[in-house]
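Open the model in your viewer and follow the stops below in order. Each stop says what to select and what is there.

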Amino acid sequence: MFMRRLFFISAILLLTLNIQSQQTASVTLFPEKTTNKVSPLLFGQFIEFLGTSINGGIFEPGSPLSDENGFRKDVIEKVRELDPPLLRYPAGTYIKIFNWKNGIGPKENRPRTRNLIWGGVEDNQFGTAEFVKYCKTIGAEPFLVVNMSTASAMEAAEWVEYCNGTTDSYWANLRRSHGYPDPFNVKYWALGNEEAAEPDAGRLQDPVKYCEEAWQFVKLMKLQDPSIEFVLCGADEKWNRIILEKMSPVCSYLSVHLYAFDGPSPVYGSVFKSVASFEEVLESAVSLVSSYPEKVIDWNKWYRFPPREGPVKIALDEWGIWPSSGTGTYNLTIQYTWEHALATAQFMNIIIRHSDNIGMATWAQMVNVLAPILTDRSGLVTQPPFSILREYRKIAGGNRLKLVSESPDLASNLKMLDLSAVLSSDRRIITLFAVNLSGDEEIRTSVNVEDREKWLIKEITELNAKSVSAFNSLEQKKVDVVRTAVVKPPKGNNLTIPAHSVFIIKLVHQ
Ligand code: AHR
């Protein structure tokens, strides 16, 4: 009797354990219902005069690791793996005290100026021309931010002329005299940065005031080069409404900045909750930008330049993970763990899911500050989010795929299995990103396609680490905790996605 009871209790226990260790989920993909292209510009990066983001990060003249331009060769090699098609510069909050004229011409004449925002002194050796050269080296488009706080609209217009001017005129000629006969052709220009923020050096915290100033900047900059496109500062919903109400004819992009935070006393998964909350923020921004017609009508010809072309889109021009574990006054130096890599993948999925309305995104920041790459004088190490950014970049140019899914919850409003999918431009390959956010449970997942017979799971890559708290460090540069494994595709459509893994599943059209 006792033995039978023991057997019964153990069976129940095992069953419970089994239920706890394996969850089930399903996804159905609809390749016939693809929508817009996932813009390559969603995989951009950002650098700022902040700590060693630029100096001592990507740029270190005189270092044995640098080339003749002072660009760190080891960093370039890693940045090329990330392959950002867009690079945002020079900031960030720093823009509010930035004077572009300090960073042009002969290097020995450039002034040393105090970095009143982040501390220290800037030697202005990595100025406009060096930035554009760096962009060329890594194959990225330059994306410049102008100072609306302590500089004038005319100075911004002169910067446009210096960069893009082709006439026989002062600023274009100055660029030529600095050794750059060809224009830099900078297309993307942001009007300020986080202008709603009160504590920093900005002075335009009122959205109406910001718009009044921004019109003046737009007019003078566009008169210099009518082909440039503007990113206007966003903030909360109320602010965004006013910006678009007043600026939509010239606003190609509304800027949104989103940093995932894990709260003052984080536990495993806090950061995922923060990322998940961004879905709502983006939905609200999407509904606003998409309420404006693609074509601007009633444009006053006396402006002497054309209005925006194409729909208003979101520029997620600062996104990333800013956990409380960072060091320094503003927690900006982060030792990212594998948990943060999972959050990055979850974030990328959200970006892809909203990619019809997000026109560009730049991860903040590329090196040393909230970054996937950490450097010191003797080399570098990549952090766990690096592998995620690198892998997602590969699907750029495909079309977002509609999918429906069922997943157990990890917490309230947080799915355990997070998904996004893209169909290649030749319509032959579906890439499904499946992120298992659970720290200890695998998920048995059935992958279905609307037109099932025609699609076969051909290839699976698993990104994972031994534990969610695994990290890489500059002290052990050769160690990478991220494991990339090839998983044998299943015979049918059921597969098991291990705890805390990212599965990149390729389905091929037969
Ligand atoms: O990326 C660090 C800082 O975060 C940027 O300077 C600012 O724009 C944001 O608040």
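**Stop 1: two helices in contact**

Select Val75, Ile76, Val79 and Arg80 in α2, which meet Tyr134, Thr137 and Ile138 in α3. By class, this contact of α2 with α3 is made up of five nonpolar residues, one polar and one charged. The model is predicted, and that holds for every stop that follows.

Now show the whole of helix α2 (residues 73-82) and helix α3 (residues 128-138): their axes are 10 Å apart and the packing angle is about 60°. The two helices, α2 and α3, are therefore oblique to each other.

**Stop 2: the nonpolar cores**

Tyr134 leads on to the largest nonpolar core, which has 134 residues. Select Ile58, Phe126, Tyr134, Trp189, Leu191, Tyr210 and Met221, the residues that touch the most other members. Then colour helix α9 (residues 338-353), which supplies the largest share of this core, ten residues.

Another core, of 24 residues, lies apart from it; Leu401, Ile457, Phe503 and Ile505 are among its residues.

Return to Tyr210 and show its surroundings. Leaving out residues up to four places away in sequence, Tyr210 touches Met148, Leu191, Glu195, Leu204, Leu232, Cys233, Trp239 and Ile243.

**Stop 3: aromatic pairs**

How many aromatic pairs does a search of the whole structure find? The search gives 33.

Trp100 is in the loop between β3 (86-89) and β4 (113-114), while Tyr162 is in helix α4 (residues 153-164), so the pair ties together parts that are 62 residues apart in sequence. Trp100 and Tyr162 are both buried.

Next select Tyr392 and Phe433, a stacked aromatic pair with 3.8 Å from centre to centre and 15° between the planes. Tyr392 belongs to helix α10 (residues 384-393) and Phe433 to strand β19 (residues 429-436), so look for a link between distant parts of the chain, 41 residues apart. Both residues of the pair, Tyr392 and Phe433, are buried.

**Stop 4: a glutamine in a strand**

Finish at Gln45, in strand β2 (residues 44-46). Is Gln45 buried or exposed? With a relative accessible area of 2%, Gln45 is buried, the cut-off being under 20%.

To see what surrounds Gln45, select Leu82, Pro84, Leu86, Leu87, Arg88, Thr362, Trp363, Gln365, Met366 and Leu389; these are its contacts once neighbours within four places in sequence are left aside.

Conventions:
Residues are numbered from 1 along each chain as its sequence is written. This is a predicted model: local features need pLDDT of at least 70, side-chain atom pairs count only at pLDDT 80 or more; totals for chains, interfaces and linings use all residues. Side-chain values use heavy atoms; hydrogens and water are left out. A nonpolar core is a set of buried Ala, Val, Leu, Ile, Met, Phe, Trp, Tyr and Cys residues joined through side-chain atoms within 4.5 Å. Buried means under 20% relative accessible area, exposed over 50%, partly exposed in between (1.4 Å probe, protein chains only). Helices (H or I, at least four residues) and strands (E, at least two) are DSSP runs, numbered from the N terminus. Contact means heavy atoms within 4.5 Å. Axes are lines fitted to C-alpha atoms, for helices over the stretch in contact, and angles run from 0 to 180 degrees between N-to-C directions. Angles under 35 degrees count as roughly parallel, over 145 as roughly antiparallel, 65 to 115 as roughly perpendicular and the rest as oblique. Ala, Val, Leu, Ile, Met, Phe, Trp, Tyr, Cys and Pro count as nonpolar, Asp, Glu, Lys and Arg as charged, and the others, Gly among them, as polar. Rings of Phe, Tyr and Trp (its six-membered ring) pair if their centres lie within 6.5 Å; planes under 30 degrees apart count as stacked, over 60 as edge-to-face and the rest as tilted.
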